[in-house]
Amino acid sequence: MLVASYKNCLMPLSIMLSLWLLNTHPSPAQEKRQLPEGDQCIICHQEEEMLPADFNENDIHFQQGLSCAGCHGGDATQDDPDESMAAEAGFVGVPSKAQIPQFCGKCHSDINFMRAYQPRIATDQASQFYTSVHGKKLQQGDPKVADCSSCHTAHAILPAKDPRSSVYALNVPATCQKCHGDEDYMQDYGIPTTQYDEFAESVHGKALLENKDTGAPACNDCHGNHGAIPPGVASISHVCGTCHVNNMQYFAATKMAQEFEKEEIHGCEECHGNHAVQKTFDDMVGVGDKSVCTNCHGEGDEGYEAAKQIRLNLANLVAAYDSAAAKQMEVQRVGMDDVDIGFLLQESHQSLIQARTLAHTFDPVQVGGKTDEGIEKAREAHALALREIKDSKIRRLGFGVAALFATILAVALFFKIREIEKKR
Ligand code: HEC
Ligand code: HEC
Ligand code: HEC
Ligand code: HEC
Ligand code: HEC
Ligand code: HEC
Ligand code: HEC
Ligand code: HEC
Ligand code: HEC
């Protein structure tokens, strides 16, 4: 009662509060944002209809009160073009492509300047950039690689977390695709131009682009935002391992992983690919046509035998699980209690999931230990299901006997009544 009336008086209050909040703190989407006031660069370029083609007033810099002069230099308080755009006032005009990293880095590499705006923002973009293929080639004078504005734009820069930003997770693949998917543009380099198309069809791409799951990797999660492009042989497992932690740890502990590294074979990529990573299935391990193991292992060697045994372990668990699951359906059909059976099956399934990850130890003993646990749970579930089905039969028999007894009683009663009536 007390709670209910308390809620009743809170309701209008909370509506008023949210209306007030809406009025004073509109969300970014609703906000009609302002350009820096009295800024002569903007005023004149707007009047002259000379704003750059990609100009967007939501750009974070304009919204933080930074003028055109913040980037291009010059004096934003002067309305005379000769004074405002004078070299003496620091005007640099349009930067060349090679100048852009320092152009942006003027502020973004200055920790004291940036801290005044955002205490936690990183200030290593330019230095990281010069470690990447893009940055190195830009320094060598390659005009086609990405500079800061290729990925961020020059006049429509939004924070990475803003869904409208060119570097928002869901938009990153399209931003890279502009160049990397363009055969003509990339023809001098002799590298594939299919990364986007393959990615879009992969488990990762579908999760990101179709299901909007920002937990799935975009290009930059594997390649880095500014540096570390592309990941080297030794670091590929680490790249994948930032999300698939157990797979990485199991694999890293194997002799196979050490051998891969020596021979410069690319860890996870060798079995899963990089851009076209597909959903996995049990037949990938084993010695059948779809097995990846037989690419390198032949009959008789340790890897071949291990593959066969791991496949068998998995198959045994799947069979035990399926047969218990079928019995669970029967239990449901006869209307008996299947809750505990459900729990056991869940545990069994959990073991199956873990066994598939443990397959990355490539050790039949470890996988077998896990599949045995799962088989045990499936057997318990199976036994419980059989018991429930038996109980239901006994119960049905019990009902039958009771019904028969009741009928006999009714008939006997009927004759008894007739007899009494006849006597009367
Ligand atoms: C009174 C008008 C006026 C003002 C004020 C003004 N500009 Fe300009 N700006 C122009 C015109 C007109 C041009 C094109 C002709 C030219 O290149 O001089 C131009 C050109 C530019 C260019 C391109 C230069 C190039 O080399 O192609 C940049 C960049 C620029 N302005 C930035 C600024 C900045 C930054 C400020 C403020 C510090 C500013 N402008 C102030 C009128 C103005
Ligand atoms: C965040 C930094 C930044 C700010 C702020 C900025 N610019 Fe630029 N601008 C650049 C870069 C980088 C280039 C060169 C790359 C390009 O052309 O895309 C450029 C190019 C230009 C050009 C030549 C190319 C074109 O698109 O016409 C003009 C003109 C220009 N800017 C004017 C302005 C004016 C006017 C403002 C203020 C309204 C402004 N800029 C604000 C970074 C900036
Ligand atoms: C190859 C594309 C690419 C290039 C080139 C690039 N960036 Fe970025 N940048 C990104 C991506 C992608 C993100 C962030 C994604 C995220 O955090 O989700 C980002 C994030 C940022 C951020 C936000 C803070 C942070 O570090 O995460 C700043 C600031 C930034 N970049 C500035 C720059 C500057 C300055 C340059 C040039 C020296 C540059 N970027 C070059 C793609 C690029
Ligand atoms: C005059 C200094 C200055 C220059 C030059 C400058 N920036 Fe910025 N930039 C800032 C400030 C300040 C912020 C806002 C930080 C905040 O409050 O979010 C910012 C924000 C950003 C962000 C959003 C960061 C985030 O929160 O995700 C990106 C991306 C970015 N800048 C890229 C660039 C690029 C690319 C260039 C060059 C074309 C550039 N900046 C040039 C000062 C500058
Ligand atoms: C302005 C066009 C452009 C954009 C945008 C761009 N790149 Fe590049 N990138 C290039 C060019 C050109 C090269 C040089 C190719 C080479 O040397 O093999 C390159 C090189 C690379 C390489 C190294 C390839 C190799 O040879 O091993 C990787 C990885 C890469 N880019 C990833 C990305 C990612 C990820 C993005 C988006 C976040 C991106 N690029 C955005 C043009 C671009
Ligand atoms: C799941 C991680 C992952 C994702 C996501 C990813 N890449 Fe890659 N990419 C790799 C690996 C691993 C390599 C191979 C590196 C090597 O072999 O040295 C690679 C190689 C490349 C190369 C070099 C040329 C080639 O094809 O081998 C380019 C360019 C590239 N990626 C661009 C992209 C672009 C663009 C996207 C987004 C559409 C993307 N990548 C998404 C992991 C990834
Ligand atoms: C940013 C995190 C992240 C990174 C980095 C990443 N993945 Fe994934 N991966 C995911 C997510 C999330 C899913 C699940 C997608 C879905 O199905 O919804 C997934 C799914 C998978 C699957 C399919 C699993 C299944 O159930 O069959 C494989 C295989 C895989 N990733 C391998 C890789 C490899 C190999 C790399 C490195 C080249 C990698 N991943 C890098 C997050 C990541
Ligand atoms: C790209 C080639 C390649 C593929 C694919 C491959 N292996 Fe291997 N494997 C090797 C190499 C190289 C070694 C180390 C040399 C050796 O001991 O024979 C090895 C060793 C092994 C070993 C014994 C040493 C140890 O403890 O790591 C087992 C077990 C094994 N692999 C199982 C598998 C299974 C199971 C698969 C399939 C899921 C598989 N391998 C796929 C190349 C491969
Ligand atoms: C020698 C081949 C091989 C290598 C190397 C390999 N995998 Fe796998 N991976 C497999 C096989 C086979 C399966 C399917 C197991 C199953 O479903 O029974 C699998 C399944 C997976 C799955 C789905 C099952 C799960 O664990 O969720 C993911 C994710 C995965 N691998 C990620 C990775 C990552 C990350 C790496 C690198 C650290 C890697 N794999 C290295 C062969 C390999």
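Which polar side-chain atom lies 3.3 Å from an oxygen atom of ligand 4? That atom belongs to Gln 64, in a polar contact (a pair of N or O atoms within 3.5 Å). The model is predicted, and local features need pLDDT of at least 70, side-chain atom pairs count only at pLDDT 80 or more, while totals for chains, interfaces and linings use all residues. Residues are numbered from 1 along each chain as its sequence is written, and ligands are numbered from 1 in the order in which they are written, with side-chain values resting on heavy atoms, without hydrogens and water.

The iron atom of ligand 4 is coordinated by the NE2 atoms of His 61 and His 108, at 1.9 to 2.0 Å; donors are N, O and S atoms within 2.8 Å of the metal (3.2 Å for Na, K and Ca). Its six donor atoms form angles of 87 to 179°, and the site is octahedral, a term for six donors with opposite ones over 155 degrees apart and all others between 65 and 115. His 61 in helix H3 (residues 60-63) and His 108 in helix H6 (residues 100-108) stand 47 residues apart and link distant parts of the chain; helices are DSSP runs (H or I) of at least four residues.

Each histidine also has a polar side-chain atom by a nitrogen atom of ligand 4: at 2.8 Å for His 61 and at 2.7 Å for His 108.

Around ligand 4 there are 19 residues, each with a heavy atom within 4 Å of the ligand. H6 gives the largest share of this shell, four residues.

Key:
Four donors count as tetrahedral if all angles lie between 85 and 135 degrees; four count as square planar and six as octahedral if opposite donors are over 155 degrees apart and all others between 65 and 115; anything else is irregular. Helices (H or I, at least four residues) and strands (E, at least two) are DSSP runs, numbered from the N terminus. A polar contact is a pair of N or O atoms within 3.5 Å; within protein, one must be able to donate a hydrogen and the other to accept it, and residues adjacent in sequence count only if both atoms are side-chain atoms.
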